[in-house]
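Try each task by yourself before you read the solution.

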Amino acid sequence: MSELAILGGTPVIDRALDAYISVGDEEADAVARVVRSGQLSGFIGEWCDEFDGGAEIRAFEADWRERFGVRHAITVNSNTSGLISAMGAIGLGPGDEVIVPPTTMSATAMAPLVYGGIPVFVDIEPDTFCLDPAKVAAALTPRTRAILVVDLFGHPAELAALRALADAHGIYLIEDAAQAPLAREGDRFAGTVGHIGVFSHNYHKHVHTGEGGMCVTDDDDLALRLRAIRNHGENIVEPLGLEQIANLVGFNFRMTEMSAAVGRVQLTKLDRLVEGREARANSLSAAVAACPGLTAPAVRDDCRHVYYVWSARYSEADTGIPRRTVAKALQAEGVPMSEGYVRPLYLLPLFQKRIAIGRDGFPFNLTNRSYARGLCPVAERLFESELLEFPICSYDLPPEDMEAVAAAVCKVFDNLDRLAGLDTDGQ
């Protein structure tokens, strides 16, 4: 095989890979239809027929309910808004604890802080990168109000075990299924096992509306609270006789009619879009199976992985080559691989300085929880030295391009000895 590109050879991939673009004429027609109607949003923030939005919002929610087999689907303008709404819907208050994973997008851990909740970081499993149920069980206290689990990279967490744990302790299980539509554990979709599930419709998700999200639940009371928080719900308490939730402050988390129209079209494509990501990921996993020190993404028995990210584990102990050097060599071959995903969230300045809201350290002044380095050793090790990711979510590649990606990865791993001693720190 030719010389490694990082050493002056010719890269396997010498052009930019095709970006993931799942919108087309159907979405354009849907948006045009809404624009011609003159009603770009259908919400009114008081109790009336339009409290639940316009025709496109209601149709998108109905489509989502049918596709995922849930009793309620509530659109929001982002997954972040959905997570905040979920925290409010369960009645989270100052000092209540919410168990969260350290390896996830920051919004997961920020949502409890909006209500003065205390994020309690629990370590993840080393193979699926999702919350470890045994460690969750050990972290429960009388102050625990909820477990906020993430179906990371498109693989479901151990949802049945976590739901059983939540039910046994009288707390809530909230699912951040932003990256995992149609992922399954057994016969249950990710996002539908918890008391509330939240999906993302951000622009590079499987189904996207530019920005947007969807909350789902089978609980009528939680659904009402989610709807209220989405749309200035303080205005509906008195007319509906809902004084029991008079302490529920609402926001403007409303999705537009245009976004909902796009979402409806996208949902009709969901099976094809997910199957495409699965096929690309599976082909890459098969191609690199013999690469030394590289372990392709794990899939638990009886689970479906929908591959928001193709996330592999790398072992420097097996190869003697630092991960940074391997990543730079892969990138030189034209493969957009990245390292580590995100730094464990408790290492963010907000947690290290213990100041989130106001000047007095709220809500950390309500707890003695520590966020010191070493809190979640598996997450830290994965970030610092093991995780390598190919962002399938960002690309829409035909088989020949996936073959080129696989060839580039194999080229690097077949020539690891050529990387020994290479200084990549300054690159």
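**Exercise 1. Describe how helix α2 packs on α8.**

Step 1. Helix α2 (residues 55-68) packs against α8 at an angle of about 30°, and their axes are 8 Å apart. Axes are lines fitted to C-alpha atoms, for helices over the stretch in contact, and angles run from 0 to 180 degrees between N-to-C directions. Helices (H or I, at least four residues) and strands (E, at least two) are DSSP runs, numbered from the N terminus.

Step 2. α2 and α8 are therefore roughly parallel. Angles under 35 degrees count as roughly parallel, over 145 as roughly antiparallel, 65 to 115 as roughly perpendicular and the rest as oblique.

Step 3. The crossing of α2 and α8 is left-handed; that is, the near helix is turned anticlockwise from the far one by less than a right angle, while clockwise would be right-handed.

Step 4. On the α2 side, the contact (heavy atoms within 4.5 Å) includes Phe-60, Trp-64 and Phe-68. Among its α8 residues are Ala-260, Gly-263 and Leu-267. By class, the contact of α2 with α8 has nine nonpolar, one polar and five charged residues. Here Ala, Val, Leu, Ile, Met, Phe, Trp, Tyr, Cys and Pro count as nonpolar, Asp, Glu, Lys and Arg as charged, and the others, Gly among them, as polar.

A note on the source: this is a predicted model, in which local features need pLDDT of at least 70 and side-chain atom pairs count only at pLDDT 80 or more, while totals for chains, interfaces and linings use all residues. Residues are numbered from 1 along each chain as its sequence is written, and side-chain values use heavy atoms, with hydrogens and water left out.

**Exercise 2. Find the largest pocket and the largest cavity.**

Step 1. On a 1 Å grid over the protein atoms alone, a cavity is a set of points where a 1.4 Å probe fits but cannot get out, and a pocket is an open set with protein on both sides within 12 Å along at least five of seven lines; lining residues have an atom within 4 Å of a point. Grid points are joined across faces, edges and corners, and a volume is the space filled by probe spheres set on the points.

Step 2. The largest pocket has a volume of about 290 Å³. Its lining has 20 residues, with Asn-79, Met-105, Ala-178, Ser-200 and Lys-205 nearest the centre.

Step 3. The largest cavity holds about 30 Å³ of space. Helix α13 (residues 377-386) gives the largest share of its lining, three residues.

**Exercise 3. Which peptide bond is cis, with omega near -5°?**

Solution. The bond runs from Phe-362 to Pro-363, and Pro-363 lies in the loop between α12 (349-353) and α13.
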